[in-house]
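Please read the briefing below alongside the sequence and the coordinates.

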Amino acid sequence: MSLTDSEVRGYKAGEKRQTPGCGDSLFLVVEPIGKGGGKSFMGVMRFPPRSPKNGGKRVEYRIGPYGKGVGKWSLKAARNEWERVRTWSRENNRDPRDLKKEQQSKVEKSSGPTFAEACQSYLSNSTSKASKKEYPNLLNYQVIPRLGGDTPVEQLSWDHTGPGGKKGRERVMEVFRSKVAEGKEPQAEKLLMVMRGVFDHAIDQGWMDRNQNPALGTRGTKTKHKATPHPTLPWDQLPQFFEDLERNEANGTLVLCSAVKVVLMTFLRVGSLTPMRWEELDESKDLWRIPGTRMKSGQDHLVPLTEPLKEVLDSLRKVNGGEEFVFASPRSRSTPYLNPYSINQHFIRLGYKGVQTAHGLRRTALTAGQEVLGFPAELIQRQLSHAVGDKVRQAYDDSTLIDERRKFMIAWCDSLLAQGMKV
């Protein structure tokens, strides 16, 4: 009986070496406590293959240590690698250990960085927020185990023929198509995008030739997945929502309920909102300046302070005025301020799962701002911190239109009060 992921994680070392089966002649090797109790994967096969005239010899192929991170293997990745090795052995009628020797020989001959090193360099030089957590997870757990962390990055070029006679493009597309086959098309597209970024970085560094990026997007990499907009309530259903929000049957704290109201009035992304500091408020100018480090655009963002918004902030000042953060929350375990996810969780507890999200309010503001309040889309998009116009205009147009945006924000907050929101 083959092992599952949870069983592999929970397997304990004993006094003797253990080799439980993982299926298809793949084994988990658990070293004895006296040798550290480490876990690794090993494939076993007969070579030449067993036949009536030739029994073949038992061949053990070491895949690598179990775990997470560069150079380590999950159960799924080890199974995929063992299948690749066995297929290579059968197709080439060669000892599977020859494949590892060839790979090691190529690594020794290569003077350039490995794929794992190229990934780390790409992540270190990226300014994207996703490159701090999301991209490392994608690369370390889903890409590097499949392409090989010790593979010289130049050997993953589009036209380079690698293990099993496969070119770099074929190997990259196998990673992409495996996710599509699992029904995870959005993740497949993101994996391809991140790989493309790594190889573009390698080309920029001179580690790969130009026009050899194996992760380029083509017609064949376009999936049928269509992005679905974040759910949001129709304008005429907001009164009922505000009644439920005020009734607060979900028992949200003052800080949480206030954060929900501020999201409604400013339609900010929750990641930009919850780390708000008191020092960011310029009350002499009735402005809140959000630093670019918290904005998706990377640019500082101005939010005009309307009277309803100031009332909510004044109520928060009574409980958190002595704190650094406006939404300081002792309940949050990961940050000293309100966990950004708690706002959407509050919507769910109020009974609006799949009906309303914090991000969906940005859609409400853009739609109702035009259809109900009669403001131009471009003005609302500026308040949404969306890029307006082409790259030339973005480079030369430094106007903020803050007076016009203030008029919109006042009209927006007043309309929310008219729909039943209480401050």
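This is a predicted model: local features need pLDDT of at least 70, side-chain atom pairs count only at pLDDT 80 or more; totals for chains, interfaces and linings use all residues.

Residues are numbered from 1 along each chain as its sequence is written, and side-chain values use heavy atoms, with hydrogens and water left out. Helices (H or I, at least four residues) and strands (E, at least two) are DSSP runs, numbered from the N terminus.

**The four-stranded sheet**

- Four strands make up an open sheet in the order β1-β2-β3-β4 with antiparallel pairing, where two strands pair if DSSP finds at least two bridges between them.
- The edges are taken by β1 (21–23) and β4 (57–65), each of which has a single partner strand, so one side of each is left without a neighbour in the sheet.
- Neighbouring strands of this sheet are turned by 30° against each other on average, direction ignored; axes are lines fitted to C-alpha atoms, for helices over the stretch in contact, and angles run from 0 to 180 degrees between N-to-C directions.
- Strand β3 (residues 39–47) is joined to β4 by eight bridges, the two strands running antiparallel, and F41 stands opposite G64 in β4.
- Helix α2 (residues 75–92) lies across β1, β2 (26–30), β3 and β4, and runs at about 20° to β3, contact being defined as heavy atoms within 4.5 Å.

**The three-stranded sheet**

- A further open sheet has three strands in the order β5-β6-β7, again with antiparallel pairing.
- Here β5 (281–282) and β7 stand at the edges with a single partner strand each, so one side of each has no neighbour in the sheet.
- Two bridges join β5 to β6, and D282 has L287 in β6 as its bridge partner.
- Helix α16 (residues 402–418) packs on this sheet, where it touches β6 and β7, and its direction makes about 50° with that of β7.
- Four bridges connect strand β6 (residues 287–290) with β7 in an antiparallel arrangement, and R289 stands opposite L302 in β7.
- In a regular strand the side chains alternate between the two faces of the sheet.
- Both faces of strand β7 (residues 301–304) are covered, since H301 and V303 on one side and L302 and P304 on the other are all buried; buried means under 20% relative accessible area, exposed over 50% and partly exposed in between (1.4 Å probe, protein chains only).

**The helix pair**

- Helix α6 (residues 168–181) and helix α7 (residues 185–204) pack at an angle of about 160°, with their axes 7 Å apart.
- The two helices, α6 and α7, are therefore roughly antiparallel to each other, in a scheme where angles under 35 degrees count as roughly parallel, over 145 as roughly antiparallel, 65 to 115 as roughly perpendicular and the rest as oblique.
- In their contact, residues of α6 including V172, F176 and V180 meet residues of α7, among them L191, L192 and F199.

**Backbone details**

- Most residues other than glycine have a negative phi, and most peptide bonds are trans.
- The peptide bond from F47 to P48 is cis, with omega near -10°, and P48 is found in the loop between β3 and β4.
- S25, in the loop between β1 and β2, has a positive phi near 65° and counts as partly exposed at 35% relative accessibility.
- N211, in the loop between α7 and α8 (238–247), has a positive phi near 60° and is exposed, with a relative accessible area of 68%.
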